[in-house]
Amino acid sequence: MQTIERIQYHRFRELDCFRGLLSVGVVLYHAGLNQALSRLLSLKGFVASWGLMVDIFFILSGFVIAHAYYAKSLSGLTILKLRALRLFPLYLITTLLALLARYQIPPDPYQFFTNITMFPLFFGEKYYNGPAWSISFELLVPAILGLIYIYVAKARISIVMIILLAVVIPFSLVYNASSELQFGFRSVIGISMGVVAKLAYDRISKSSELFNKLPSWTASFCMMLAIVSIIGTGVPGIEPPIRSFFVFSCYTASFFAVLLSAIASERRKIPFFPVNNMAFDYLGKISFSVYLLHSPIFIIFLQLSGDSAEGSVLLKSLYVLIVLIAATITYEFFEMPVTAKLKRMASQKRHP
């Protein structure tokens with residue numbers, strides 16, 4: 001069993017670039033991306049399901065978590081501690097920021113307590129910082145899935161993960177009306193797909209000549225296909241089966257984007273833009289801060305700008321810029337320093 005301070009892993013730079021791309025997409029969504037595409041495509045009532053970008057984040061996280069933790073035989077409790085050290089500090093500070101942005105002072109004690117615990121959804125309460133729901137599941141689901149790696153024979157892990165997906169996906173369709181259950185299903189499906197991608201990567205990255213011959217742009221093409229699939233969900237008047245096809249296409253394309261970009265990283269290939277681009281690489285590093293900050297900042301921005309922000313490209317561009325600047329400052333001076341300090345403290349307590 002490895003201790004916290006000894007855990008090191010290869011960083012897949014290409015995957016971080018995808019995180020950067022997706023984080024910008026999340027901010028643009030709040031800045032009026034649907035309205036802009038509606039005008040650009042001349043489609044009245046265009047409303048794409050950009051929330052699927054969170055599902056792509058889950059797939060990315062599943063791959064990285066499987067690479068960083070599962071292959072090293074860490075216990076579920078250790079994974080839970082590591083994820084908490086990584087997620088909780090920024091979750092806490094952005095939750096308090098969202099609380100202030102909503103002028104909910106003094107807060108309802110019970111709602112405040114459930115938000116601080118990271119699991120208000122489990123107590124029937126809402127998150128102060130709406131997008132933070134996914135962070136709760138990013139904490140819990142990897143620790144639970146980690147048990148599969150401990151108690152299931154290595155040769156059977158792939159089969160168990162595929163069976164898990166085969167069971168969860170139909171349930172997610174049956175219980176589509178329940179948002180609380182959907183949150184859980186989406187996180188399990190996305191993170192599990194990321195784990196399966198990592199298992200596939202382990203099998204084929206060093207042996208398959210087919211993947212070695214694939215052009216370097218295939219990963220970015222798959223990610224672009226996933227984004228085009230999200231756009232497809234917004235076409236007005238499409239039937240539910242067609243919309244489900246776009247959702248399925250988004251998941252499938254994202255799976256292969258993660259797998260192929262990891263292989264490209266292993267083979268030292270230089271993938272097609274935006275992968276392996278310095279700007280998106282840094283955006284990938286600050287993507288966690290971007291994701292948790294964009295909603296509170298959006299609330300504050302709307303309160304300050306009022307109706308003048310509606311339809312104003314200049315003000316919306318200013319909002320995007322403010323989010324990126326705030327995320328950069330938070331990443332450099334809070335997120336990374338605090339996380340590193342907490343890990344050192346945890347290591348010292350374990351080995352006095």
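Trainee: Leaving aside its neighbours within four places in sequence, which residues is Asn-34 in contact with?
Mentor: The model is a predicted one, and in it Asn-34 sits in helix 2, which spans residues 33-41. Its relative accessible area is 8%, so Asn-34 is buried. Beyond the neighbours within four places in sequence, the residues in contact with Asn-34 are Tyr-29, Phe-46, Val-47, Ala-48 and Trp-50.

Trainee: Which side chain is joined to that of Asn-34 by a polar contact of 2.8 Å?
Mentor: Asn-34 is buried at a relative accessible area of 8%. The contacts of Asn-34 include Phe-46, Val-47 and Trp-50. The polar contact of 2.8 Å joins the side chain of Asn-34 to that of Trp-50.

Trainee: Is Ser-42 buried or exposed?
Mentor: Ser-42 is found in the loop between helix 2 and helix 3. Most residues other than glycine have a negative phi. Ser-42 has a positive phi, near 55 degrees. With a relative accessible area of 64%, above the 50% cut-off, Ser-42 is therefore exposed.

Trainee: And Met-118, is that residue buried or exposed?
Mentor: Met-118 also has a positive phi, of about 80 degrees, although it is not a glycine. The place of Met-118 is in the loop between helix 5 (109-116) and helix 6 (133-151). Its relative accessibility is 2%, which is under the 20% cut-off, so Met-118 counts as buried.

Trainee: How many Å separate the C-alpha atoms of Leu-87 and Thr-339?
Mentor: Leu-87 lies in helix 4, residues 76-101, and is buried with a relative accessible area of 4%. Leaving aside neighbours within four places in sequence, Leu-87 is in contact with Met-118, Ile-135, Glu-138, Leu-139 and Phe-288. Leu-87 and Thr-339 are 252 residues apart along the chain, and their C-alpha atoms are separated by 8.5 Å.

Trainee: Which residue has its backbone oxygen 2.6 Å from a polar atom of the side chain of Ser-192?
Mentor: Ser-192 is in helix 8, residues 179-204. At 0% relative accessibility, Ser-192 counts as buried. The backbone oxygen that lies 2.6 Å from a polar atom of the Ser-192 side chain belongs to Val-188.

Trainee: How far apart in space are Ser-192 and Ile-59, C-alpha to C-alpha?
Mentor: Ser-192 belongs to helix 8. In sequence, Ser-192 and Ile-59 are 133 residues apart, while in space, C-alpha to C-alpha, the separation is 7.3 Å.

Trainee: Leaving aside its neighbours within four places in sequence, which residues is Met-223 in contact with?
Mentor: Met-223 lies in helix 10, residues 218-232, and is buried with a relative accessible area of 0%. Apart from neighbours within four places in sequence, the residues in contact with Met-223 are Phe-18, Leu-21, Ile-56 and Ala-257.

Trainee: At what angle do helix 1 and helix 12 pack?
Mentor: Two packed helices are described by the angle between their axes and the distance between the axes. The axes of helix 1 (residues 13-30) and helix 12 (residues 278-285) are 6 Å apart. Helix 1 and helix 12 are roughly perpendicular to each other, because an angle from 65 to 115 degrees counts as such. The angle itself is about 80 degrees.

Trainee: Which residues of helix 12 make the contact with helix 1?
Mentor: Helix 1 contributes Arg-13, Asp-16, Cys-17, Arg-19, Gly-20, Leu-21, Ser-23 and Val-24. From helix 12 come Met-278, Phe-280, Asp-281, Leu-283 and Gly-284.

Trainee: How many disulfides does a search of the whole structure find?
Mentor: A disulfide is a covalent bond between the sulfur atoms of two cysteines. Cys-222 is buried at 13% relative accessibility, and Cys-250 is buried with a relative accessible area of 2%. Across the whole structure, the number of disulfides found is 0.

Trainee: What percentage of the residues in the protein chain is buried?
Mentor: The protein chain has 14 helices and 0 strands. Of the contacts with a separation of 6 or more, 78% are between residues 24 or more positions apart. Among the 352 residues in the protein chain, the buried share is 50%.

Note on methods
Residues are numbered from 1 along each chain as its sequence is written. This is a predicted model: local features need pLDDT of at least 70, side-chain atom pairs count only at pLDDT 80 or more; totals for chains, interfaces and linings use all residues. Side-chain values use heavy atoms; hydrogens and water are left out. A disulfide is a pair of cysteine sulfur atoms within 2.5 Å. Buried means under 20% relative accessible area, exposed over 50%, partly exposed in between (1.4 Å probe, protein chains only). Helices (H or I, at least four residues) and strands (E, at least two) are DSSP runs, numbered from the N terminus. A polar contact is a pair of N or O atoms within 3.5 Å; within protein, one must be able to donate a hydrogen and the other to accept it, and residues adjacent in sequence count only if both atoms are side-chain atoms. Axes are lines fitted to C-alpha atoms, for helices over the stretch in contact, and angles run from 0 to 180 degrees between N-to-C directions. Angles under 35 degrees count as roughly parallel, over 145 as roughly antiparallel, 65 to 115 as roughly perpendicular and the rest as oblique. Contact means heavy atoms within 4.5 Å.
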